[in-house]
Amino acid sequence: MLDDLIYPSWHWSISGLAIAFILFLLTMAGRSFGVSTTFKNICGLAGAGKKNEFFKFDYKEDSWRLFFIGGAIVGGFIAGVIFPNPFAVSLDSDTIFALEKLGIVYPTADSLGHGFFPDAYFRWDSLNAWIIALAGGFLVGFGSRYADGCTSGHAITGLSHFQLPSLLTVIGFFIGGLLMTHFLLPYIL
Amino acid sequence: MKGIIFFLIGIFFGITMTKSEAISWFRIYEMFRFESFHMYGIIGTAVVIGAISMTLLKIFKVKVAGGGLVTYTPLPLNIKRHLISGTIFGLGWALVGACPGPMFVLAGNGYFFIIVVIAGAVFGTYAYGMVRDKLPH
């Protein structure tokens, strides 16, 4: 009985509620929910602040984010390794068919069986995978800093504060995402 | 000591990202193909409840840690910047199937190749910092 609560994935409404609760908790703690600034903090900790003021790591303002990210990694371990859902993500059958055409067989493309990440494609010994991972990560890092926020900062926090700049940014997220998924991905993967 | 609080909220965030399946590369692919309501349901619920709770905190002038009120510093409106930067982000999001939060949570889930993606994101952030004066804001 308890197992039915701990292991399975959550309904989208519960997940959405939980994310709103995280926004509430961080707001009450006097902080703004946004993950992408972590990359800037990593640059700062690596010493980029000496050459460029933009990366300067401010302990008073930034250190909470490192605790938060450390927790996020541990949370992923708890939910995915200690109490994993025994069933892979249940994708729409049309999605599975489209993936097959890209050469990604679902769910076996995820060696851990969760349906979280196609590590059969993203392998350490594949040069293609390295290029795509670095390039994709680069776009996410560059884009989120230029946008001054990512999904958490704009789609969740910004929209919850009725921000027009955030709405436009999220529209941008979808322009880019749709272009990649429908027009570029078939040539890349 | 305050770090513990953020560590605990972070754990809850990691569990939520995993159990919501928002960390799934496949879910992001499915979302951009409009073949499931799942991701839209998550984001939609989060924004509706988030907007209600933020509005209530503002109306009742609730004090947050540090003694201040709930405020939001708006970005200066620049349609070109928002759309272009968002599009760059979206191209990467759909390619690696993870936005920044899920990248770290995937690492905790045991998908260690995501570290290469995180490294790419750090390079991208660094590159932005180097050219930001030349970009429209």
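Which residues in H5(B) are buried? They are B:Pro100, B:Gly101, B:Pro102, B:Met103, B:Phe104, B:Val105, B:Leu106, B:Ala107 and B:Gly108.

1. Basis. This is a predicted model, in which local features need pLDDT of at least 70 and side-chain atom pairs count only at pLDDT 80 or more, while totals for chains, interfaces and linings use all residues. Residues are numbered from 1 along each chain as its sequence is written, and chains are lettered from A and ligands numbered from 1 in the order in which they are written.

2. Chain B overall. Chain B has six helices and zero strands. Helices (H or I, at least four residues) and strands (E, at least two) are DSSP runs, numbered from the N terminus. The C-alpha trace spans about 45 × 40 × 35 Å along its principal axes. Of the 137 residues of chain B, 55% count as buried. A buried residue has 20 or more other C-beta atoms within 10 Å of its own, with C-beta atoms placed from the backbone.

3. Helix H5(B). This helix covers residues 100-108. Nine of its nine residues are buried, so H5(B) is largely enclosed by the rest of the structure. Its buried residues pack against H3, H4, H6 and H7 of chain A. They also pack against helix H1 (2-19) and helix H6 (114-131) of chain B. Just after H5(B), B:Gly110 takes a positive phi of about 100°.

4. The core. The largest nonpolar core has 84 residues. Such a core is a set of buried Ala, Val, Leu, Ile, Met, Phe, Trp, Tyr and Cys residues joined through C-beta atoms within 7 Å. B:Ala98, B:Leu106, B:Ile114 and B:Val117 have the most contacts inside it. Leaving out residues up to four places away in sequence, B:Ala98 touches B:Ile23, B:Trp25, B:Met103, B:Leu106, B:Ile114 and B:Val117. Contact here means C-beta atoms, placed from the backbone, within 7 Å.

5. The A–B contact. Chain A gives 107 residues to the contact and chain B gives 99. The chain A side has 69 nonpolar, 32 polar and six charged residues. Ala, Val, Leu, Ile, Met, Phe, Trp, Tyr, Cys and Pro count as nonpolar, Asp, Glu, Lys and Arg as charged, and the others, Gly among them, as polar.

6. H8(A) against H4(B). The axes of H8(A) and helix H4 (residues 79-96) of chain B come within 6 Å and cross at roughly 40°. That makes H8(A) oblique to H4(B). By class, their contact has 18 nonpolar, ten polar and no charged residues. Axes are lines fitted to C-alpha atoms, for helices over the stretch in contact, with angles from 0 to 180 degrees between N-to-C directions. Angles under 35 degrees count as roughly parallel, over 145 as roughly antiparallel, 65 to 115 as roughly perpendicular and the rest as oblique.

Notes:
Buried ≥ 20, exposed ≤ 12 C-beta atoms within 10 Å, placed from the backbone. Contact = placed C-beta atoms within 7 Å.
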